[in-house]
Amino acid sequence: MEEEKQVVTKGSQKSLEVARNAWKFIVQDYAEGHAHKKAGKPVVWSCALVEKELYHAMGLHPFYPEQFAALCAVRRKTPDSVKEAVRFARIAEQAGYSSDLCGYERVSTGFVLNGDLADAPLDGMAPPDMLVTTSSVCDVRLKWFEDMAQRLNVPLFTLDRPERRFDGIMQYPKPHETRYYRSQLEDLLSFITEITGTKYDPDRLNECLDWGYKTNELRLEILELRKAVPSPMGCADGFATMYPGMYCSGTKKAYEFYRALRDEVRGKIKAGKGQIEKEKFRLLWYGIPTWFNMGIFNYFEPVGGVFAYEPAYNPHPWPPRNPKDPLEEIALRTLTIGSTMSTTIPALLEQCREYKIAGGVLAYLITCRAIYLPSLEIRRALEKELGIPSVLIECDLVDERTFSEGQVKTRMDAFAEQILKKHESGKSLNN
Amino acid sequence: MHEIFARYAENRHEAVKKWKQETGKKVFGYFCCLTPEEILYAADILPVRITGTGEPLQQADLHVPPNSCAFARSCLDAGMRGMYDYLDGVVIPNSCDIIFNMEFFWRTLVPRPTKPAMIAGVDIKPYVHYINYPEKITGREVVPYYVEVLKNFKQDLERSLNRSITDDDLARAVSAYNQDKSQMKRMYEMRKSDPAGLSGYEAWQITYSSLLMPKDKHAGILKGYLDELESNGHKAPEGIRIYLSGSAMDQVNADIYKIIEESGGQVVSDDLCVGTRSFWYPLNEELPPLEAIARRSLGTACPRSTVTARIPENRWTHLLNTAKDFNIEGAIFYVLKCCDARLGEFPHLRDKLKTELDIPVLFLEGDYTSEGVEQMRSRVEAFIEMIEG
Amino acid sequence: MLYAGIDVGAQSVKAALFDGQKMVGSVCTVTEEAADEAARAVYADLLQGVGIQRQDVEKVWATGWGAADVSFADGKSSEQLCAARGARWLLPAARTVVDIGAEGCRVMKLTPEGTLEDFANNSKCASGTGSFIELGAVYLKVPVEEMGPLSLAAEGAAEVSSTCAVFAESVIISKIHEGETRARIAAGIHRAAATRIVELIGRMGFIEDIILIGGAAMNPGLAKALEEMAGVPLRVPENPRVVVALGAAIQASLKRSRRGKSAS
């Protein structure tokens, strides 16, 4: 490497206008949430993979502690202070929460323990009327939300989603699983009605699901467009623009956001413009990003490397709309995605082929069990099945205290050299 | 100390292999006390709890990352090294993020003695049986759901073993398990006295061996042993009365009981899976047996589980139940590094123990090695000395 | 009546003599000898220094990492308890005691009456202990006892962001490459160590008066960094290294042998 590179923690340079302005959407959404609360309307704190359309249909404004923690990872109270994520994590640790615990949990618990919920970026998350969590993705969030419910003295509902282990030809959830999960959705609606008085209106839910479905279709289209060479939209752009789809699905504004994004990506492809001028190799980012150091996505650009694809937060195809039975539709949507490594690893390999990935950067998130557990098997599969090298970067999701610039720089540089050598020797990078 | 308990506790593989040789019957390994092992017993299989070695990993470290649960990795390593080659099957429930993935790891990495029977990608005679255990153990639909899950499990077993498991078989299992539970409860009650009727370490040996031998056999031996202890008026050494909570407590780290005793304490009650959780929940013999087993399995208050209560506090109730009548003077939490469920609930439980029961709490971060346990000695000593005043 | 306390640490042995009212003598010796021999030698030095014989001492009490090996002790107590006793005796308003040694840092919380209520250790890793500063001395090529004064001479501090001692070398070298002065790097190292220690103190609640003891307390750079980061004053007793030994001697004056322990 000719230049001496610095891996300092900083924000990323995004290649798309919509991505650069996405932060405004987030600020606006928070402001709407606070206004909603001020107007006496109910607020829920929830997490990824709960079907958001239910909230919008029931008149709740959702906040997401995990997303809030990511926000805290990049913000400081004053230019001289530590990141808000560190401030909150410390509060939690001093109350007895181990530093080995999920970074999101430590940060949001510290935020709650701090007492004044407005003493935080964007005025914090508005005080909740209820908490809703799910067993999807990981089970840490079950205890995390239980703990928060006790601290805030606010009722909690847990959606118990059965793990989907599919065998060979049998790729559909079993009837008892669908029945069980559907009963959870019904119970959730009763729970919300009990607390807020709002009755469940299937028409309203269908309206939100229409928006949600259309939004998801747009996101699928964008995912498809991203396969183009040169890469028109990278991981920095991807992570910056996942918020509306992840957290506001079911609203018109989310739909409009992705329409603008899709149009911009189409425009880029038409003009033959990629993320950078001379794209030499494309990388996969596996896992949740190091929110406090998004600049890492630009790291390889000086040598022609771009991050082209990230599996985290990206949508899957949803089953068709079923206005006669929207709860059944939601249950199917959630239960038809496999959750074991025997399904997720082959799917990842397939995506690497589709996106012409030459190397993988695997975020070894030291406190995120769901992400780090398959990482060694993923590395092995990438090497064995696709001949793709990968590198593990040790870091926390939101807590930069354990981040070592030196170690990351060394590994990334060695990794880039490995890939460039292959490129220069003429070996095909596009498997 | 009745030497059969000690024999099982100290050399579990030899003891179980010997039993297998003598009886010619099958042995299945399982993870976690919430596993519906009664179904295995009904099929004339001996269910044995899988534990690790506490030794440096030889093979599993190439597959399972270092931050993950040291206990699970060690178990997998033992499997990969062939230490469990006498098992005829393995049962893995969806306990937590890590154990759930053990299904994949064990299936793909540990050699199996029988051949798969593949039909269109489905193995109808699996070696590793996965149980889709609910995360929320209460709720209006959870029992019908879980009974269905168990029916599927039973079906896989029946195909693998080429036999049926009847309701009578299940009922017999329920009865045998209840008999052992009543002796275990009896042993448990004996520790209420001051000094306790038997030491923490002895109680652990008895509990651990119950997870390695048939319940009816264990019940018989235990009854005789407890009768003997009672007639002798046996008492454990005196000590500060300690409540022990935490992650995996098997032959790798059970020395903590001895360290506590040597430091002037005595464990009289616990919140452990190789402990009260393994026998606390009785089986309701008035229900159809599969449902009784499902309810018992669901009722196990493992930290990873959540409930439907508006503001959940179920674990605190369990802790209260197992701590209040024992005149506890101090609580020790031994938690493994990756155990987020316990790490997350710890501050709350610690605060409640202090404010509601006025009990001081010591937190020990375990690494699932016996050396690691030894290193905790000075802290345990300091803690007990602090309570003595 | 005279009571002796012997603190057998990993790198040094400390001994103190207590007459029921005050400390009348103390010794601190760096040694590599085995615990029992080292303890004997230091005890002999103590007696000689004060000018008394063994039979003048009512009880000898051991503490520290090697306490169990001290064959001539009448009993032993934990370092946590001894630190609490010693600090409280010297500074009666003590509510929090911070003991920073080479291998670890521990914080003791005392009740208003002065008894030990809770404690926390940080021996998970070297940062936040004397070891981290020692490592820094190695990579900066500076004698370890000069690290403190060097850090005090700095204008500001270099950003030593990673608190993991495994990366200490690479962090320090990269700072040198960036053109940072040794003084600022030393200051940065002290701040990083202080950050970890302050986090530990926070777990016990920052209740004043907060007393700093142990070998690293002799480091003025660390004491300053700690005060700055904690935002509350820290009190350092006159001879911070022997406070635990003193506490052992005080403990001897209060107790018989502990229940369940055999006294030699």
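Guide: Gladly. Two residues are in contact if their C-beta atoms, placed from the backbone, lie within 7 Å. Please keep in mind that this is a predicted model.

Visitor: How many residues does the contact take from chain B and from chain A?

Guide: By that 7 Å rule, 43 residues of chain B and 47 residues of chain A take part in the contact. On the side of chain B that touches chain A, at least two residues each come from α5 (97–109), β5 (122–123), α6 (142–161) and α13 (340–357) of chain B. The most is given by α13(B), with 9 residues.

Visitor: What makes up that side of chain B by class?

Guide: The side of chain B that touches chain A has 19 nonpolar, 14 charged and 10 polar residues.

Visitor: And what does the contact between chain C and chain B take from each?

Guide: Here 12 residues come from chain C and 11 residues from chain B. The elements of chain C that give two or more residues to this side are α2 (79–90) and β8 (116–122), and β8(C) has the largest share with 4 residues. By class, the side of chain C that touches chain B counts 3 nonpolar, 6 polar and 3 charged residues.

Visitor: What radius of gyration would a compact globule of 264 residues have, and what does chain C have?

Guide: The globule would be near 18 Å; chain C has 19 Å, so the value agrees with that of a compact globule. The C-alpha atoms of chain C fill a box of roughly 60 × 40 × 30 Å along the principal axes. Buried residues are 53% of the 264 in chain C. Of the contacts in chain C with a separation of 6 or more, 72% join residues 24 or more positions apart.

Visitor: Why are β3 and β5 of chain C said to stand at the edges?

Guide: The open sheet has 5 strands in the order β3-β2-β1-β4-β5 (chain C), with mixed pairing. Because β3 (23–30) and β5 (75–76) of chain C each have a single partner strand, one side of each is left without a neighbour in the sheet.

Visitor: How do you know that β1 and β4 of chain C are joined?

Guide: Pairing asks for at least two bridges between two strands. Strand β1 (residues 2–8) and strand β4 (residues 57–63) of chain C run parallel and have 6 bridges, so they meet that definition. C:A4 stands opposite C:V60 in β4(C).

Visitor: What makes the buried residues of α1(C) line one face?

Guide: A residue counts as buried if 20 or more other C-beta atoms lie within 10 Å of its own. In α1(C), that holds for C:A35, C:A38, C:A39, C:V42, C:Y43, C:L46 and C:L47. Seen down the helix axis, the buried residues of α1(C) fall within an arc of 165°, and therefore they line one face. They pack against β1, β2 (12–18) and β3 of chain C.

Visitor: Which residues of α9(B) are buried, and which exposed ones lie on the face turned away from them?

Guide: The buried ones are B:K215, B:H218, B:A219, B:L222, B:Y225 and B:L226. They fall within an arc of 140° seen down the axis of α9(B), so they line one face of the helix. The face turned away from the buried side of α9(B) carries the exposed residues B:G224, B:D227, B:E228, B:S231 and B:N232. The cover over the buried residues of α9(B) includes α3 (37–42), α7 (167–189) and α8 (200–210) of chain B.

Technical notes:
Residues numbered from 1 in each chain as written. Chains lettered and ligands numbered in written order. Predicted model: local features only at pLDDT ≥ 70, side-chain atom pairs only at ≥ 80, totals over all residues. Nonpolar A, V, L, I, M, F, W, Y, C, P; charged D, E, K, R; others polar. Rg over C-alpha atoms; globule rule 2.2 N^0.38 Å. Buried ≥ 20, exposed ≤ 12 C-beta atoms within 10 Å, placed from the backbone. Arc of directions from axis to C-beta.
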